[in-house]
Amino acid sequence: MSNIVKINDTDLQVIVYQGQRVATLAQIDEVHARPEGTARRTFNEHKHRLVEGEDFYEVTADEIRTQSLGDAFAPRTAKGILVTESGYLMLVKSFTDDLAWQVQRQLVTGYFRAQEVATPPKSARVRGRTALEQVKLINFVGDAIKNVPGIRLGRLAAAKLKAFSEQTGLDFSDFRRALPALPLDQMVHLNPTQIGQRIEKQTGRAKVSGQAVNKVLLALGLQRKVEDGYVLTEAGTKYGEIHDYKAENDHSGLQIDWYESVVNVVRDNLPAETTKRKTSSSPAQSSPQGSAA
């Protein structure tokens, strides 16, 4: 833990855990110039949406001591939270000021993706398969899903390279760095409710529900309805992508995550806001005084 990365004029200590770069909640507050405890409150509020082992790790005092993580946490910390790149991007969805956008790009490209760990984490291999057979299987799965609307080929390629490393022990970091950087507007993923909230903030409209947003997305042909929700259309892949999810009840499936760029499109195509006029409760109040019977 001797490396230092400068992000937003802040010296950020590099932390590596489970073979990948991670960050503490305190570091997120510091680099985003947020009051102490902001990231912690956001994490606690949305923890049920995050996946432990993928978006974050909860480390014990023993791990902090034995894995040289002591510099990352306050002395005698009983347990700590380490956030991965995916967890970080989910936590800072609510940080929408200009500085936040700038810091997000710096932190993703200059910290999380700046250096691949030389020795990738090992994963369990399918019994009886050689490394070459594993690579062929990974390629087969990747080719099978690459034409699904909303699948990003750059992300698919990165996932395949990561799987290759895990199965062969070879370092594919140079190949991963050659992949194009994720556009800034695609770093923030929104659901229909959050899109409505963005529009309310921009326009001062009354509540824009997720249901209203879904109707606009359907009318524009950016999504279509299926039995258990919505899926992206070919036109919709410009504004969103497909992600898998797993709910607390173990129900899983696919969901659409929309990019920031879709907010203006939905806003400009919402029906005009209607205002209900107040009517008098009594006929007598609406009649001129002294009118003839």
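Helices, which are runs of at least four residues, and strands, which are runs of at least two, are assigned by DSSP and numbered from the N terminus.

**View 1. The whole protein in this predicted model.** The secondary structure of the protein comes to 12 helices and 10 strands, and of its 293 residues, 36% count as buried. Among the contacts in the protein with a separation of 6 or more, 58% are accounted for by residues 24 or more positions apart. The protein exposes about 17900 Å², and carbon and sulfur atoms supply 50% of that area.

**View 2. The packing of helix H9 with helix H11.** Two packed helices are described by the angle between their axes and the distance between the axes. Helix H9 covers residues 192-203 and helix H11 covers residues 262-269, and the two pack at an angle of about 70° with their axes 10 Å apart, which means that H9 is roughly perpendicular to H11. H9 passes H11 in a right-handed crossing. On the H9 side the contact is made by Ile-195, Arg-198, Ile-199, Gln-202 and Thr-203, while H11 contributes Val-262, Val-263, Asn-264, Val-266 and Arg-267. Sorted by class, the contact of H9 with H11 has 5 nonpolar, 3 polar and 2 charged residues.

**View 3. Gly-210 in helix H10.** Gly-210 lies in helix H10, which covers residues 210-219. This glycine counts as buried because its relative accessibility is 14%, and buried means under 20%. Leaving aside the neighbours within four places in sequence, Gly-210 is in contact with Pro-192 and Thr-193. Gly-210 and Ile-195 are 15 residues apart in sequence, and they are 7.5 Å apart in space, C-alpha to C-alpha.

Definitions and conventions:
Residues numbered from 1 in each chain as written. Predicted model: local features only at pLDDT ≥ 70, side-chain atom pairs only at ≥ 80, totals over all residues. Heavy atoms only, no water. Buried < 20%, exposed > 50% of the residue type's maximum accessible area, 1.4 Å probe, protein only. Contact = heavy atoms within 4.5 Å. Areas by Shrake-Rupley, 256 points an atom, 1.4 Å probe, with all protein chains shown as cover. Axes fitted to C-alpha atoms, helices over the stretch in contact; angles between N-to-C directions. Parallel < 35°, antiparallel > 145°, perpendicular 65-115°, else oblique. Left-handed = near helix turned anticlockwise from the far one by under 90°. Nonpolar A, V, L, I, M, F, W, Y, C, P; charged D, E, K, R; others polar.
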